[in-house]
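Here is a short briefing on a protein structure. Look through the model, then work down the topics one by one.

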Protein chains: 2
Amino acid sequence: MKKYSTYLATMLGSFLILSGCGNPDGKANSNGALASSNAEKVYVAPGEQDEFYAFMSGGYSGNLTVYGLPSGRMFKEIPVFSQFPTSGYGYSEETKPMLETSFGFVPWDDSHHPDISQTKGELDGRWIFINGNNTPRIARISLSTFETEEIIELPNSAGNHSSSFVTENTEYVVAGTRFSVPIPQRDMPINEYKGNFKGSLSFISVDPNNGHMDLKFQILMPGFNYDLSHPGRDKSHGWFFFTTYNTEEANSLLEVNASQNDKDFIAAINWKKIEEYVNNGGGTKMPANYAHNVYNESTHMATSTMKKEVLTVDPLKVPGAVYFLPTPKSPHGVDIDPTGEFIIGNGKLSADLTVHSFDRMIAAIEAKKFDGEAYGIPILKFDDVLAGTVKSGGLGPLHTEFDGKGNAYTTFFISSEVVKWNLETWEVIDRKPTFYSVGHLMIPGGNSRKPFGKYVVAMNKITKDRYLPTGPELEHSAQLYDITGDKMELLYDFPTHGEPHYAAGIPADLLAPKSKKIYRLDENEHPYAVTSPAEAKVVRDGNEVHVYMSMIRSHFTPDNIEGIKVGDKVYFHITNHEQDFDVPHGFAMIGQNTSELLVMPGQTKSSVWEPKEPGVWPFYCTDFCSALHQEMQGYVRVSPANSDVPLKFSLGE
Amino acid sequence: MKKYSTYLATMLGSFLILSGCGNPDGKANSNGALASSNAEKVYVAPGEQDEFYAFMSGGYSGNLTVYGLPSGRMFKEIPVFSQFPTSGYGYSEETKPMLETSFGFVPWDDSHHPDISQTKGELDGRWIFINGNNTPRIARISLSTFETEEIIELPNSAGNHSSSFVTENTEYVVAGTRFSVPIPQRDMPINEYKGNFKGSLSFISVDPNNGHMDLKFQILMPGFNYDLSHPGRDKSHGWFFFTTYNTEEANSLLEVNASQNDKDFIAAINWKKIEEYVNNGGGTKMPANYAHNVYNESTHMATSTMKKEVLTVDPLKVPGAVYFLPTPKSPHGVDIDPTGEFIIGNGKLSADLTVHSFDRMIAAIEAKKFDGEAYGIPILKFDDVLAGTVKSGGLGPLHTEFDGKGNAYTTFFISSEVVKWNLETWEVIDRKPTFYSVGHLMIPGGNSRKPFGKYVVAMNKITKDRYLPTGPELEHSAQLYDITGDKMELLYDFPTHGEPHYAAGIPADLLAPKSKKIYRLDENEHPYAVTSPAEAKVVRDGNEVHVYMSMIRSHFTPDNIEGIKVGDKVYFHITNHEQDFDVPHGFAMIGQNTSELLVMPGQTKSSVWEPKEPGVWPFYCTDFCSALHQEMQGYVRVSPANSDVPLKFSLGE
């Protein structure tokens, strides 16, 4: 990043050694010297670029945020599951269909776990997927336009938490229900949960050409809570692993009643076997309503289709496809190392980490050494699948990532630390405190065969005094550690927007060159686009009025419109005629009951306005676009409903 | 901030001098050495704090964002004029009234110019005000809770741009219309604009005890565009200054037709004289509908009231109250130096800056030396009020701020630079490029008698290649300069959320100590609050069901509810019983057609849910609150409309 930073660091290092003012914790101290070394490591000078993208889930913002590493700067908030007044997502006519569900229009969700598409187990940077936890959905976002292109709803699901992770050639993006529910949904007493409610694990196929998603099948599982999941890789490719908790099947006071069992399970799913089963006609078609929403980059419009059927699979009908691995205790994350051998159960109420062996699991399955069954699904013996236990000394392990150099990094929520340990020896190598109460952590490519083990980002759940206070409500906080040495080194704290539950990182080189700059006007297929300002027009169709409007520095065409009446439904369809990078224009109409439109070069967006009162009402460009931006405005004359003022609009000279 | 940074900087400085690798532009170069010095200046080590708060308008996000300086980290996004799915602002029953207007519910606005309350011309850090540009509104935000407490709509206004700036004891927060419109609004041909449309300047009084706003009077002005404004201070306290453009009164093709006149005006308003006039019964009451929305911190609820009348003032009836100062050319910002003497017109189509003298203006008024009038308002002679002209060498001046040491800093949009010049000599001292096309700039306290001249932040309108690319849509970008020396030094680039049009900065010491940490549960007066989990209940009232729910780690009470029917309107009123700092809980119900609720300790929020289908539907906590957060969940059983399942809910045990 900075050619001489090594030189300078060496120079500074000598100074530090001479003056003896190093600080192994990486925290600032009274001499501030090591802090300055860390300053260099996270500083990206004006005109230079970060090394990595970090895509952080927004959690309860419903969105996906894009950060740079090592600077910790937020480059964009991509609206996914929530209305976003900034750009008009979820308010514009084109994007409203993206938030349609079987429940109707749902303007919010809780986005949790982003995962970047892979080829041969390595990040390929085509798309990023993310789950909506509340009203179960999976979204696909383009890593060329950085816009949400597709959302698919998941029926038979509730609390879509063990999602969205991809198999190593992005054959599937996989999702699992956190809450079990009656399947199909029906009125029944809640206390009849046990034995009657079910969980579903959804396998959504991804078209390798265009990324389009299709809900290929759902596995109907016992009524546990399915918390997190990860794919097998390399030798374990073809398997998928899900943690469970509440194997007690409690329906009330879960904080007590779902913590009774010493061990819950990791469910191991041989999805290749199930895929073969359904490809051969297996599975049961079940009526189900779920939305499938697709955004078309050429028309700039989304459409929502309601699907009516889903293919479900009873695991008991596919012998050899599903097994349970006993795992202490209410395991949260399940993480697979880059070789595919180690299946790490982060038992959140346990002090130790349980590491299962894929090879031993296969051997135990082949030897049919079971320890009973749960609802007909074979339970493997704990000792037969265990690879080892990490005596971490921490409390509340949640998640583990990998550096590609044989080390694993596990977060501990209760003892508030990241612990580095070796994947061969199970020995703890280093531990560093987090401020405070870390949840997920992320190493770029950490969920792939090829991690980029330079930094780890800890995503902390409690912020308190890390930043200047901002009243009772605070942003969450991330911490960046350098992991190039034996010991982790805390470099920086940076606040995060929403509540990031997980992040996916990728080297900048893999994405930046193919980032789209503009939409080509000559490829715009929006039905209400105009290709030149001269084609702008206003067309009345009963009480509906369609304004075909152009915007180009520094003018709207038309900028004066008359003949609009109270009671009309006025659609403004606005095409941005710029073809230069980073020249958006915005459109806002006084008193509109929707948001603005932020329109990128070459794009068309539409907004509806229902004028309530006669008058002359202004609109204007909301994005400071040129020296004459303040002059980029216009007026609409609204006459009473019974008026005979004719339709009239200005096209300029 | 870092005690030894000076020492280290000196050491580094010596190194730089010896090796001759300094770079006066502050940009990284091949040796990276100066960059590392700048790295130290912006680095805030883990556990340390920023020196300044910077409150940046969100522009088309409708919000206000809080940053730290020098780090450039965003600490919070405060929802103001837009729905905010993250916290439920504008979706929760308590906050929906905040977005009511005379046009109905308006879920978005375009927030432009924040200003911090003042006492004796100095920042007092009690409140911050910001304008909604699109559907004219002014908001007041508490700097204790960092929440929006009040929004007042402005009638007779359109494009509320020359807002919101406070007088030096926060007697008034002042707003001005950008677009002139028919007053009162009525159906008329747009091309009859000239001579018929009017502009309004609004003076909103602020109660010194609680900040409550009241629209005291509006001055009805000629139909120009009123672009920006600033208060007089110290000796010019009692006056307010507004820039105008489109004095041509064009209604179409403004980018050409509003740029014809060589000079437009700065309007000088003697508001003390007008205040005296209205206090003595002057002015005309006019029917007008406008919303006044107030959030009550004890009940945690907002109420919206529709006002019916506004007091308008015809400036011709108050001799000596309003004058026009001719100013080249389409001036954008008008900025008053800390002494109150200099009135700087930033003529955006001019190369030079025009500086008027307050003393000369008063002398000219007393001598009655006028150069005609415009719609009856006296025009002062340009040469009589001019203090000097700054031959800047730049193009497109927009805004000027001050360092309190006799220097001014002006942004130039077209030549893309910040120019430092001396307020006595009018000489240019330094100029630095901005990347790219700077709009506003901000020095903490720059709009007061006492600026804190350590940093200037340039808010740039074009981002292009400053960060890793994120598709066609990019965040805007700010740049931080050190202004402690003779020459400005570019330290850092940081992206900004939304489109900041202006910012208000304040030393951390003045705010941080009084930032509220929790809401006290024993002060909660929400009508649906419960003071202990044992008081939780579910009450049916016809088709309305009210759930009085508590949340405390890690449990909802009740967590099982039965007897809800399709067709019911279910209100969840959720009280967070935590009393520790930074322990929010969230509440989300599957398929809700509103957002989540993020509830702070001691607070109550409500959400409405209308179940469509029978079934057993889950809800859960959306904020990772404890090791047993995943267990914080519950179920609602929904029966068919004609069901006789009785109301039932769990209270634990």
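A pocket is an open set of grid points with protein on both sides within 12 Å along at least five of seven lines. The model here is predicted.

**The largest pocket**

- Rolling a probe the size of a water molecule over the atoms shows where empty space is left.
- How many residues line the largest pocket? The lining has 30 residues.
- Nearest the centre of the largest pocket lie A:E613, A:W617, B:S102, B:Q185 and B:N289.
- Two strands each give at least two residues to the lining of the largest pocket: β43 (615-620) of chain A and β17 (284-296) of chain B.
- The largest share comes from β17(B), which supplies four residues of the lining of the largest pocket.
- Sorted by class, the lining of the largest pocket has 18 nonpolar, eight polar and four charged residues.

**The second largest pocket**

- The second largest pocket has a lining of 22 residues.
- Which residues lie nearest the centre of the second largest pocket? They are A:S102, A:Q185, A:N289, B:E613 and B:W617.
- Strand β17 (residues 284-296) of chain A gives the largest share of the lining of the second largest pocket, with four residues.
- The lining of the second largest pocket splits into 14 nonpolar, five polar and three charged residues.

**Cis peptide bonds**

- The peptide bond from A:L69 to A:P70 is cis, and its omega is near 15 degrees.
- Where does A:P70 sit? A:P70 is in the loop between β2 (64-69) and β3 (74-78) of chain A.
- Another cis peptide bond runs from A:R553 to A:S554, with omega near -5 degrees.
- A:S554 belongs to the loop between β36 (544-552) and β37 (555-557) of chain A.

**Positive phi angles**

- B:S416 is not a glycine, yet its phi is positive, at about 55 degrees.
- The loop between β27 (407-412) and β28 (417-422) of chain B holds B:S416.
- Is B:S416 buried or exposed? Its relative accessibility is 13%, so B:S416 counts as buried.
- B:W426 is also a residue other than glycine with a positive phi, near 65 degrees.
- B:W426 sits in the loop between β28 and β29 (428-433) of chain B.
- B:W426 counts as buried because its relative accessible area is 18%, and buried means under 20%.

**Salt bridges**

- Side chains of opposite charge can pair when their charged atoms come close.
- Over all chains, the count comes to 61 salt bridges.
- A:E149 and A:R140 form a salt bridge, with their closest N and O atoms 2.7 Å apart.
- A:E149 is buried at a relative accessible area of 12%, and A:R140 is buried at 1%.
- B:D109 and B:R137 meet through their side chains in a salt bridge of 2.8 Å, N to O.
- This pair links distant parts of the chain, 28 residues apart: B:D109 is in the loop between β5 (104-105) and β6 (115-119) of chain B, and B:R137 is in strand β8 (residues 137-142) of chain B.
- B:D109 is buried, with a relative accessible area of 0%, and B:R137 is buried with a relative accessible area of 0%.
- B:K307 pairs with B:D214 in a salt bridge, and the closest N and O atoms are 3.8 Å apart.
- How many residues apart are B:K307 and B:D214? They are 93 residues apart, in distant parts of the chain: B:K307 in strand β18 (residues 301-313) and B:D214 in strand β13 (residues 213-222), both of chain B.
- B:K307 is partly exposed at 26% relative accessibility, and B:D214 is partly exposed with a relative accessible area of 36%.
- Why do B:K307 and B:D214 count as partly exposed? Their values are 26% and 36%, and partly exposed lies between under 20% for buried and over 50% for exposed.
- A network of salt bridges links A:D187, B:E562, B:R637 and B:K648.

Terms used. Residues numbered from 1 in each chain as written. Chains lettered and ligands numbered in written order. Predicted model: local features only at pLDDT ≥ 70, side-chain atom pairs only at ≥ 80, totals over all residues. Heavy atoms only, no water. 1 Å grid on protein atoms, 1.4 Å probe; cavity = no way out; pocket = protein on both sides within 12 Å on 5 of 7 lines; lining within 4 Å. Nonpolar A, V, L, I, M, F, W, Y, C, P; charged D, E, K, R; others polar. Buried < 20%, exposed > 50% of the residue type's maximum accessible area, 1.4 Å probe, protein only. Salt bridge = Lys/Arg side-chain N within 4 Å of Asp/Glu carboxyl O.
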